Amino acid sequence: LLCGAVWDPDAALIGIKVDPSSKHSLEEAIAPCRDNKNLFKILLVFSVLSSELHDLTQEARERLLPPLPVFGEHPEGKDLQDGEVQLCFGRILPLLMETWNFSERLYAVVQNLVRQLASLYSPKHRKRSQLAAYQAVHFQPVWMAL
């Protein structure tokens, strides 16, 4: 990959998917908790946000991060001619825009997750709220997703 050319994983001839496949939705997975509406809502929100963060992390690792370190590389001993730098930047510009959009989405998801955690662990809910029972629970997978 020279001069900002981006590798397209969709155009690769061979690909292997090693992710475990599951045919159950998150809502079906936590369906036994449906009787307790508060627990069901809490688990559903944190499960969806954690899943979203996992998907965003995978997208960054597979699609966005690999081409970025290659930008600007050129073969040893070869000088870039006039206009080639601008062409290279023009080729990488769509990837930079995707990276910007990705970072905006990631910021929104992390902000939402932190707000959900802050709402759950807020001092307002210490004794009077129905959420007080869940404040002693440490949602370890949620913290690991951050």
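The structure is a predicted model, in which local features need pLDDT of at least 70, side-chain atom pairs count only at pLDDT 80 or more, and totals for chains, interfaces and linings use all residues. Residues are numbered from 1 along each chain as its sequence is written, and side-chain values use heavy atoms, with hydrogens and water left out.

### Overall layout

The protein has 4 helices and 0 strands, and its pattern along the sequence is α-α-α-α. Helices (H or I, at least four residues) and strands (E, at least two) are DSSP runs, numbered from the N terminus. Of the 146 residues in the protein, 19% are buried. The protein exposes about 11,100 Å², and carbon and sulfur atoms supply 59% of this area; accessible areas come from the Shrake-Rupley method with a 1.4 Å probe, and for residues only the protein chains shown count as cover. Among contacts between residues at least 6 apart in sequence, 66% join residues at least 24 apart. Here contact means heavy atoms within 4.5 Å.

### Salt bridges

How many salt bridges does the structure hold? It holds 3 of them, a salt bridge being a side-chain nitrogen of Lys or Arg within 4 Å of a carboxyl oxygen of Asp or Glu.

| Glu52 | Arg105 | 3.1 Å |

Glu98 is in helix α3 and Arg63 in helix α2, 35 residues apart, and the pair links distant parts of the chain. Glu59 and Arg63, in contrast, both lie in helix α2, 4 residues apart, which is about one turn of the helix. Glu59, Arg63 and Glu98 are linked in a network of salt bridges. Glu59 counts as partly exposed because its relative accessible area is 26%. Glu98 is partly exposed too, at 33%.

The remaining bridge is between Glu52 and Arg105. Glu52 lies in helix α2 and Arg105 in helix α3, so this pair ties together parts that are 53 residues apart in sequence. Glu52 has a relative accessible area of 24% and is partly exposed; Arg105, at 41%, is also partly exposed.

### Helix α2

Helix α2 has 28 residues. Its first and last C-alpha atoms are 39 Å apart, close to the 40 Å expected at 1.5 Å a residue; the expected span is 1.5 Å times one less than the number of residues. The buried residues of α2 are Phe40, Ile42, Phe46, Leu49, Ser50, Leu53, Leu56, Ala60 and Leu64.

Phe46 lies in this helix. Is Phe46 buried or exposed? Its relative accessible area is 4%, so Phe46 is buried. Leaving aside neighbours within four places in sequence, Phe46 is in contact with Leu113, Gln116, Leu117, Leu120, Phe139 and Val142. Phe46 and Leu113 are 67 residues apart in sequence, while their C-alpha atoms are 7.4 Å apart.

### Helix α3

Helix α3 covers residues 84–120, and its 37 residues should span 54 Å at 1.5 Å a residue; the end C-alpha atoms are 54 Å apart, which agrees. A kink of about 40° lies at Ile92, shortly before the proline Pro94. The bend at a residue is the angle between axes fitted to the seven residues ending there and the seven starting there.

The buried residues of α3 are Cys88, Ile92, Leu95, Phe102, Val109, Leu113, Leu117 and Leu120. What covers them includes α2 (37–64) and α4 (140–145).

### A nonpolar surface patch

Phe71, Phe89, Leu93, Leu96 and Met97 form a nonpolar patch on the surface, with about 420 Å² of accessible area together. Patches are made of residues with over 30% relative accessible area and no salt bridge; like charges are joined within 9 Å, and nonpolar side chains (Val, Leu, Ile, Met, Phe, Trp, Tyr) within 5 Å. Phe71 lies in the loop between α2 and α3 and, at 35% relative accessibility, counts as partly exposed.

Arg91 is found in helix α3, and it is partly exposed at 46% relative accessibility. Arg91 and Phe71 are 20 residues apart along the chain, and their C-alpha atoms are separated by 9.6 Å.

Conventions:
Buried means under 20% relative accessible area, exposed over 50%, partly exposed in between (1.4 Å probe, protein chains only).
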